[in-house]
Amino acid sequence: MVYATSDGSTGTRLRVGMVGGGRNAFIGAVHRLAMRLDDQIALVAGALSSDPENAAASAAEIGIAQDRSYADYHTMARAEAARPDGIEAVVIVTPNHLHAPIATAFLDAGIDVICDKPLSTTLGEAQALVALARAKNRKFVVTLNNTGYAMVRQAREMVAAGELGRIVSVHAAYIQDWLTLPIDAQGQKQAEWRTDPARAGQSAVLADIGVHAFNLASFISGCEAEAVAADLFTAVPGRRLDDNAHVLVRWSGGARGTILASQTSPGHYNDLSVRIHGDKAGLEWSGTRPEELRFSRYGEETRTLVRGGHGSSEASRRVSRMPAAHPEGYIEAFANLYRDAADIIRVHRSGGAVDPAQAAQVPDVIDGARGVKFVAAAVASSSAGGTWTPALFS
């Protein structure tokens, strides 16, 4: 499948399949929008639902051929691996407990993986996926999609360039209000599985949104979590898993900080933010104003850097699609991640050398495993009364 590039040359679309994401599923549709934006990916196969009838109907709605709509992911992995035009990567957008078994089936079939967060529900599964991806020499992308924002990438570049000096504190928060009422007990589909230990894992709020805050803090600062002291609690009586988490973090290099996550905070629809301070300067980014980056050198007035503006860095300009003040947002950031993932997987499958600078921008199986380790450590710490617990993935 060939597409035309902006310079008149041609390239080959990456052939992908999707597991999960059928009709009425939220995140599957978001992934499909993001992968279409640059026209570098062709969705040609799917096992879109565990219900065979819904899987077939969902595939027909989005143009997947009948013979490439599968009733289960095991059949899909075997059949696609045997086709000369089979998929090169699978996109996994199921509830959390299925991520590891699905990824394992496709890695075993020699197919690269693009998986929604969290990587898995247990640390053992995460470690096994890291080992299997290495053994099979396959690329494994985890869609921690906030790393695709232009000003998030600029913030990372500024930290790496030493503009903040020695990093002293790293804080991130992800605050929502959609679980303030017991809608999970009332059968709301998205809430019901996310608060079910059998499908969500050890934690609801950290597995759903806390891993995004954690990854963003680490991605920008370059720090890894060495230990955590956590307090996880459930604000809604009767809810099976936590809906709030307060986590103290000891970061590598001596920095300290916090990760906060809540899904019961009225007035916050989807409030993701990060604040990083060094001994020379600090910066702040918020998902509610994603095109801006607040940068403050000590002793000077705070500057607001704008995506596409005069203070844009090379990392920011590379993923900016519109001039300054022509708004970009969530889908564009998600699409940036998919565009980079497609480039990396195509180059790797062709036997070429992947650009390390580009690869560093895309969360991989190691980043996913770090997130799982963070969740596991926070749960263990909270269960032990908030004791400091090792959190470094190795």
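Strand β5 (residues 89-93) and strand β6 (residues 112-115) pair in the parallel sense over four bridges, where two strands count as paired if DSSP finds at least two bridges between them. The model is predicted, so local features need pLDDT of at least 70 and side-chain atom pairs count only at pLDDT 80 or more, whereas totals for chains, interfaces and linings use all residues. Residues are numbered from 1 along each chain as its sequence is written, and side-chain values use heavy atoms, with hydrogens and water left out. Helices (H or I, at least four residues) and strands (E, at least two) are DSSP runs, numbered from the N terminus.

**The sheet**

- Five strands form an open sheet in the order β4-β3-β5-β6-β7, with parallel pairing.
- Its edge strands are β4 (41-47) and β7, each of which pairs on one side only.
- From one strand to the next, the twist averages 25 degrees, with axes taken as lines fitted to C-alpha atoms and angles running from 0 to 180 degrees between N-to-C directions.
- In general, strands of a sheet pair through backbone hydrogen bonds, either parallel or antiparallel.

- Five of the five residues of β5 are buried, so the strand is largely enclosed by the rest of the structure; buried means under 20% relative accessible area, exposed over 50%, and partly exposed in between, with a 1.4 Å probe and protein chains only.
- Ala89, Val91 and Val93 point one way from β5, while Val90 and Ile92 point the other way, and all are buried.
- Strand β3 (residues 14-20) runs parallel to β5 and is joined to it by five bridges, with Ala89 as the bridge partner of Val16.
- Towards β6, Ala89 has Asp112 as its bridge partner, and Val91 stands opposite Ile114.
- Together with helix α4 (residues 99-108), β5 and β6 make a right-handed β-α-β unit, meaning that, with the strands pointing away from the viewer, the path from the first strand over the helix to the second runs clockwise.

**Helix α5**

- Helix α5 (residues 123-136) has 14 residues and reaches 20 Å from its first C-alpha to its last, close to the 20 Å expected at 1.5 Å a residue, the expected span being 1.5 Å times one less than the number of residues.
- Ala126, Leu129, Val130, Leu132 and Ala133 are buried in α5, and the buried residues of this helix pack against α4, β7 (140-142) and α13 (365-383), contact meaning heavy atoms within 4.5 Å.
- Asn137, which follows α5, has a positive phi, near 55 degrees.
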